[in-house]
Structure formats: C-alpha cells, structure tokens
Amino acid sequence: MSWPFSIRNALCPKEKLIWAPIRIIRETNKAILVDNGMKFWIPKSRIYGVRLKNNNFEIYTKEGTVG
C-alpha cells in the first residue's frame, strides 16, 4: 500500500501522464510529427497510448511533452 503523503513521494514524485489532443502530420520509425498549435516531433518512446475520441486523435504522454 502506498501512502499519499510520504517522504518518498515528496522527494521523488511520480510522473504525471495526460491525454493530449493532437493532429498527426507524419510518422517515421522513431517519431511522430504532431500539431497542436505548433508542429514538433515526439519520439515514439514517449508515447504510452493513442486513442481516437470524438474524431480527434489523443496521445497518452508525460505532462509537458506536448505544449
């Protein structure tokens, strides 16, 4: 069981993952070029999931990776 308030959580907080809406422009073997207001490459190793929600692609990635 993990305690919500502990020294370990204060010193080493867990990475927060979010679903971010994007538009996929191009894909290579190692990365995906996306657009969410500005175009940039995201390495596939930083994408933990992809889903289609309301005709929009969303990726599951670390907070701060997208915008």
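Tutor: The backbone nitrogen of Gly37 sits 3.0 Å from a polar atom of the Asp35 side chain. This is a predicted model, where local features need pLDDT of at least 70, side-chain atom pairs count only at pLDDT 80 or more, and totals for chains, interfaces and linings use all residues. Residues are numbered from 1 along each chain as its sequence is written, and side-chain values use heavy atoms, leaving out hydrogens and water.

Student: Which other backbone nitrogen lies 3.4 Å from a polar atom of the Asp35 side chain?

Tutor: That's the one of Met38.

Student: Is Asp35 buried or exposed?

Tutor: Buried, because its relative accessible area is 18%. Buried means under 20% relative accessible area, exposed over 50%, and partly exposed in between (1.4 Å probe, protein chains only).

Student: Okay, new topic: which residues make up the largest nonpolar core?

Tutor: There are nine: Ala20, Ile22, Ile32, Val34, Phe40, Ile42, Ile47, Ile59 and Val66. A nonpolar core is a set of buried Ala, Val, Leu, Ile, Met, Phe, Trp, Tyr and Cys residues joined through side-chain atoms within 4.5 Å.

Student: Which strands each supply at least two residues of this core?

Tutor: Strands E1 (17–27), E2 (31–35) and E3 (39–43) each do. Strands (E, at least two residues) are DSSP runs, numbered from the N terminus.

Student: And what does Val34 touch?

Tutor: Not counting residues up to four places away in sequence, Val34 touches Ile22, Arg23, Ile25, Lys39, Phe40 and Ile42. Contact means heavy atoms within 4.5 Å.

Definitions and conventions: Helix = DSSP H or I, 4+ residues; strand = E, 2+ residues; numbered from the N terminus. Polar contact = N/O pair within 3.5 Å; in protein donor to acceptor, adjacent residues only side chain to side chain.
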